[in-house]
Amino acid sequence: MAKTSPAKIAANDGDTSSSTGHSINLEEPRRGQSTMKHSRRYLVGISALLVLVVGGGVALGRALNKDDELAEDRTPKSMDVILAEIRSLMQDYSIEAYIVPSVDAHNSEYISQHDRRLQYVTNFTGSAGTAIITLGKAALWTDSRYHLQADGELDAAHWTLMREGLPGVPTRDEWLLAHLSPGALVGTDPFLIASTEYGRLGAVLAQRGYRLIALERNLVDIVWNNRPPQTADALLPLPLAYSGRRAADKVQAVRATLQEHGANAIIVSALDEIAWLLNLRGSDILYNPVFFAYLIVSHTHLHLYTNADRINATVRAHLASEGVGGLEVRDYRDILPGIDEYVRGGNRLIVSTACSQALYAAIPADQRLQQYSPVAKLKAVKNAVEAAGMRRAHVRDGAAVVRYLHWLEQSVDGGNVTELSGAAQLHDFRRQQDLFVDLSFAAISAFGPNGAIVHYSPSEDTDRPITRDGIYLIDSGGQYLDGTTDVTRSVHLGEPTAFQRECFTRVLKGFLSVAAAVFPVRASGTTFDVLARKALWDVGLDYGHGTGHGIGAFLGVHEYPPSFVSNSASPSNQGLVENMFSSNEPGYYEPGQFGVRIEDIVQVVNATAATVPYDFNGRGALSFHTNTLVPIQQRLIERALLSPAELAQLNAYHRRVLEEVGPLLLQQNDPGAHQWLTEATKEMVAAS
C-alpha cells in the first residue's frame, strides 16, 4: 500500500465527496516553524497514518496505540499547558476553532479510557458533551443530566459551561458564529463526528463564509502524553442457548436488506451491532461487552477489521459452528483501504446515519446509500430466547437489589455506609448471582444533594455517608450471559418531608402510567414521554432527561431504538414493535437537596383481545410487561395522590415481586431479605 503526504483542504459545503471522485479533505500544518516542540512527534505521526491515494483523493486510516509510542515525557500536564499546546497546533493548522466531542470512532456513548479525549482536556467525566476551543476561549456544552456535574468538574479559569436547553444559553452554532473572524476555518477529527452532523455544521458555517475542515491528526492525541493504551483482549463466543439465533441467520437478514435496497454491501461501524451480528462479546470498553472492529457485509463475503490476533482457533470454530462463511479478517487500521476496494469495484454501499464523516466521505455520492442502521433495527427486536433470558436475568438481579436494600436498612445506623461502600456491596450481591459477568455501568449511588446530579458517579472526593436524613438514589445494573439489567430505586431510610413524598409520588404516577399503557403497533416514543411527565407537569415540575432508552441482551445498557423522548424527530424514535425492550424512568431533581428516579425495564408484548377488543382497527395492540422485580418504597408514597387503579396496579406488581424473587432469596439462604421483601411488598390501602 502506497503512502504519501496528506492532501490540502478544499472548501466544505457539507459533502466532501462527488460522483466522480472521493476524498477525506485533510489539513496539514501550514506554518513553517512550530511554536511548540512537537515537530518530531508530528513527523512520526504522519508515518503512522495509512494514507492511500485514490483518483486524486485521499483516504485515511489510523493505527491504534501509535500515539503511545510517541510519548517522551509521561508527566501529567496542567490544564493551561494542555490548552496552550492545542492552541499552538491550531495555529499550525491555521484554524480558529477546534471541536472535541465525547464519542469514539464508532460513535459510542460509553468509551474506553484510551478515547476519553473530552475528559482529558476538560476534566468533565460525563458521557455526553462537546467542547469547542478557540485561540482565546474554551467552552463545553452538555445537557441537563450533567449540568451540576460539569459545574463541579470544570475549571472556571479555563472553561465556560454552556448548559444546553436553558434560556439564554447559546447553541454551539451560535457561539461559533459569534467567535470567528471572516473566512475562519473550524477543525475537527473526521473519525469523531457523525457524517450527518459534519454536513449540517459545515452548511451552517458555509452560509456565513466559514469552513469546516477535517484534520489529518487529532490535536488532543498529539498533546496527550500519558494516554492509556487501547485494549484488544480475548473475545467471548456467545452460545446459541443465550443468543437464540445463529450468526449466519442474522447475516442473511442483513443481506436481505441489501437486496431490498439494491446495495452490494453494508458497512457496520457500531460496536454493539458487530458483537450482536457475530454472536461475539468483548471487553474493550468497561461494562460494555464489545470489541473494536468494523464489519463489511456483502452478498457473499464478510470483511472483519479488528485485531487479528484475537480471531483465534476458538473464535473461528465458533463462527464455523454459527454457519458463518466467507469471512476474511483484516487489520482494524485497514478499514478505509477496504472500503476503497469496494468503491473501485463499482459497488453500492449502505452506511448508517450515525457513521463517521471519515467513512462517509470515503464513498462517492453515487455509490453511497445512507439510512438508519438496518442492523440496529434488527437487534432491537429480541428473539424468543433473548426475551426469555432477559426475564430470567431480571429475577436474579432483583434478588441482588433486594438483598442490598435489606442490608442497607440493617447497616445504615452503623455510620460507616457511604455511596462508594454501598455500591461495592451491591456489586458483591450481583456477583453472587448465576451467569453474572460484570456490571452494566458504574452505579449511580447518590445520597441527598448528590441525587440531584442525574448521572452522578461517586468518587473519593465526593463520597457521602448514607444516613436516615435524606433520599438515597441507587441506579445500577448487571451484565449476565442471558441479559442486561438497569434499575433505579429511590429510598428514604428516615422520615421524608411532605415535598419529597409529593415529588416521589408524582414521579410514581407517571411511571405507573407508562407501565400500564396500551398502544398501537409502531406508536411513537413521544407518547410515553408525555404520559410519564403529566403528573409532574400538573404542578409545574419536570425533569431534563428522556423517559426511556432501549437496552441490549448482554450488550449495551443503552441501545437505540427504541427511545422515549420529547423530540419526535429523534432518529432512534422508530416506533414500538413486539419484543423491543426499554427503560421506564421518570424522575425529579431538586438542586442541592435530593433526586428521585424510578426505573424499570419493560418489554413490548401483544395486548390481549379482552383488554383491547377493537385492536386499533387491525393495526395491532401492544402493552408492556415489566421485567424489573424490585419493590417500590412505600414510605415515600403519598397515598392520597394515587387513584384506586394506581394502587391496584402497584399492589399487583408487588405480588409479582414477592412471588418471583422470594423463592430465590430462600434458595440463597437469606431469610432476612425474604422477610424484608415480604414487608416491602405488603398491600397498600387507600388513604382514609
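**Buried residues, helices and aromatic pairs in the predicted model**

Gln149 is buried, since its relative accessible area of 9% falls under the 20% limit that defines a buried residue. The model discussed here is a predicted one. Gln149 belongs to helix H5, which spans residues 147-153. Its side chain and that of Thr125 are joined by a polar contact of 2.9 Å. When neighbours within four places in sequence are set aside, the residues in contact with Gln149 are Phe124, Thr125, Gly126, Ile453, His455 and Tyr456.

Aromatic pairs were examined next. The structure contains 15 aromatic pairs. In one of them, the ring centres of Trp141 and Trp175 lie 5.4 Å apart and the ring planes stand at 75°, so the pair is edge-to-face. Trp141 is part of strand S6 (residues 138-142) and Trp175 is part of helix H6 (residues 172-179), so the pair ties together parts that are 34 residues apart in sequence. Trp141 is buried, with a relative accessible area of 1%, and Trp175 also counts as buried, at 6% relative accessibility. The rings of Phe292 and Tyr332 have planes at 85° and centres 6.5 Å apart, so this pair is likewise edge-to-face. It links distant parts of the chain, 40 residues apart: Phe292 sits in the loop between strand S12 (280-281) and strand S13 (294-298), and Tyr332 in the loop between strand S15 (327-331) and helix H13 (335-344). Phe292 is buried at a relative accessible area of 3%, and Tyr332 counts as buried at 10%.

Helix H21 (644-667) has 24 residues and reaches 35 Å from its first C-alpha to its last, close to the 34 Å expected at 1.5 Å a residue. The helix bends by about 35° at Val661, and Pro663 follows within four residues. The buried residues of H21 include Leu647, Leu650, Tyr653, His654, Val657 and Val661. Among the elements that cover the buried residues of H21 are H16, strand S23 (487-492), helix H18 (498-515) and H22. After H21 comes Asn669, which has a positive phi near 60°.

In helix H22 (residues 671-680), the buried residues include Ala673, Leu677 and Ala680. Seen down the axis of H22, its buried residues fall within an arc of 65°, so they line one face of the helix. The cover over the buried residues of H22 includes helix H16 (384-411) and helix H21.

Conventions. Residues numbered from 1 in each chain as written. Predicted model: local features only at pLDDT ≥ 70, side-chain atom pairs only at ≥ 80, totals over all residues. Heavy atoms only, no water. Buried < 20%, exposed > 50% of the residue type's maximum accessible area, 1.4 Å probe, protein only. Helix = DSSP H or I, 4+ residues; strand = E, 2+ residues; numbered from the N terminus. Arc of directions from axis to C-beta. Contact = heavy atoms within 4.5 Å. Expected span 1.5 Å × (residues − 1). Bend = angle between axes of the 7 residues up to and from the residue. Polar contact = N/O pair within 3.5 Å; in protein donor to acceptor, adjacent residues only side chain to side chain. Phe/Tyr/Trp six-rings, centres within 6.5 Å; stacked < 30°, edge-to-face > 60°.
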